[in-house]
Amino acid sequence: MNSAKLIALEKIGLLARGKDCGGGMKNGDPGKGPHTFYSHHPVWAYESPRCQRPYSGSDEAVFDFLPDGCTLQQAWGKTRLTVFLGAENSPEFHTALAREDTILLLFEPDESRLAALLDILPPTILKRQGLFFLSGHARTFTPPLQEILLEEIFNMGFPVFFASDRIRSDHEAWANDLIEYLEILFFRHRLYPLSGQTNARSLPLRDIYRGLIYDQQLHLYENLCDYLTCPDLSSLQNILEGETAILVAAGPELSRNIDYIADNLDKAVVICVNNALKPLREAGIEPHFVIINDASLHSGQVFDLIEPCEDAILVGHAFSALGGGTFRQKIIFGSELKTPFRERGRLHMHGSVISAAFSLARTLGCTRCVSIGAQLSSLDPWSLRYAAGTVHENDSAIPEKPLTYRYPQLFPVKTPMGDTVYTSLNFRDAAIWLTEEIRISGMEFINTSRHSLLFGPDIRFEERPKLDGTLDRNRLASLHRLSGHDESVSAIREYATQESARWEAVRDNAEALLNHAGGVPVEPGMTLLEKFDKVNVSYLVERFDDFDSEEFHHKVFESDDPAQHRLGLTDYFSKVVEMSNQFLVELKQQQRRMAALK
């Protein structure tokens, strides 16, 4: 439908239009509602309760659970993000329009109904800040809905939904899909930063500077010489244009597809995620590329458990483990540090390394992808499962206990095959992000797992697709002849020297307090803690070794006992010293290696 008003609102950015999924109106009356609270089990029921009130010294709730029959006024006491489902001219909608300190989103599956509502609304609504109209199916917008609804919207709070009776009776599936999508976006922007690796060990959150996490900082130092000797992502641009990529992930169904991968090594470029590498190598298979983007220490453990690769090329993030001598050729991407490191190109990715594998296939110029083991889900409601032979393999029996439909149970998802699978909120988010990327890329994508969360009209399911053609190995071989990135050796040497001096000073200051007669003095200890809070030392410590942020917070900030304050500070400064020494050992090793470079 192309009414003048719809076109005008779309041009000024107040309307986004997806694929119309209504049946058309029989008359021009949009109806008068009502819109009532849409009671359902929200996504955040599957999030850890620790993330509900994560801030030190504050009872502010990031999310909450609203009662059946919740009114607009009750909802606004908890959040400022209101979503109306159905373009009815209801009293509730006008009440929400008048509340200009809130974000108001109105979704409608049928464009003709939305046009009818807009025809009777006064022009003054265009002045209402925070009002936005959206029509059609959630997964058909261009750009995708996840790019239309920006993070700032979810900073207003968690979404609360009010629906018309028509939506409940005629468009329930549309509504439920949309609600899940929006709640996953809320998870992405507000909850994952709390429960993901950047802050999972930091709760309760204090007001400190947060830069690199410990794992990233250690890998940054470990990789200094690799920055000087390894090429960057630009060397891969369209090097395999027109080829098929097999994306290998570590889901349980990888095990039954090992032979398929082996049979197609000469027909497609095999891109293997880091956790799937071990079972491939144990089967005598060497993929063409291995990709790692996770900075966590455990993500690189697999490289210590396999024999060195002769031909596989590692494509790794600058802050990830790069495998030491496991790979003859490494290509490094991504670096948020401006000095002294140069930009190495980026892969467009989110939530899971399989998204990085897809982005790498696009960078290589591939025109078709086949995913294997990319399930992002489990048949076990209580634990994600991985392929046999992987670092995270778990072959224990599925517990026989009733579902709770809340944390720690995994989030249930119904697949197009009619199966119910279970996943983490992070993997559900990653799947939604990647399926949208696949849709807008226009690339042919074949999923081989019936239990995968990668499904949609742009993704074809086929368990063992037949591949034709022959992979051009000459183009792959040329990558082994690439030289290093044009970094400044002197600049990186100077960086290592400055970092060594910094950590020597940090260590010495902490040791001075630890060596104080009678133990760490509380007042000077709090002064130094405040200083370390401002220069990322405290944030690094929160992920170091077995440091317990919650216990530290209780002793230092919640207890009234000075002896507990001293104990907490002693634990903290002891970890600062240990961490500083570890950084210094790595920096000295890198300095020795750099000195040997010509």
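I took buried to mean under 20% relative accessible area, exposed over 50% and partly exposed in between, with a 1.4 Å probe and protein chains only. Helices (H or I, at least four residues) and strands (E, at least two) are DSSP runs, numbered from the N terminus.

I am working from a predicted model, in which local features need pLDDT of at least 70 and side-chain atom pairs count only at pLDDT 80 or more, while totals for chains, interfaces and linings use all residues. Residues are numbered from 1 along each chain as its sequence is written, and side-chain values use heavy atoms, with hydrogens and water left out.

Entry one, strand E11. I looked up residues 327–333 and found that six of the seven are buried, so E11 is largely enclosed by the rest of the structure. Strand E10 (residues 309–317) runs parallel to E11 and is joined to it by six bridges; strands pair if DSSP finds at least two bridges between them. Within this pairing, I noted Ile 313 opposite Gln 329 of E11.

Entry two, helix H4. In residues 111–120 I found eight of the ten buried, among them Glu 111, Arg 113 and Leu 117. The buried residues pack (contact means heavy atoms within 4.5 Å) against helices H1 (4–11), H3 (91–98) and H7 (165–170), and against strands E1 (15–17), E4 (103–108) and E5 (131–135).

I looked for disulfides, meaning pairs of cysteine sulfur atoms within 2.5 Å, and the structure holds zero. Cys 225 is in none, and the nearest cysteine sulfur, that of Cys 230, lies 9.9 Å away. Cys 225 is buried, at 2% relative accessible area, whereas Cys 21 is partly exposed, at 32%.
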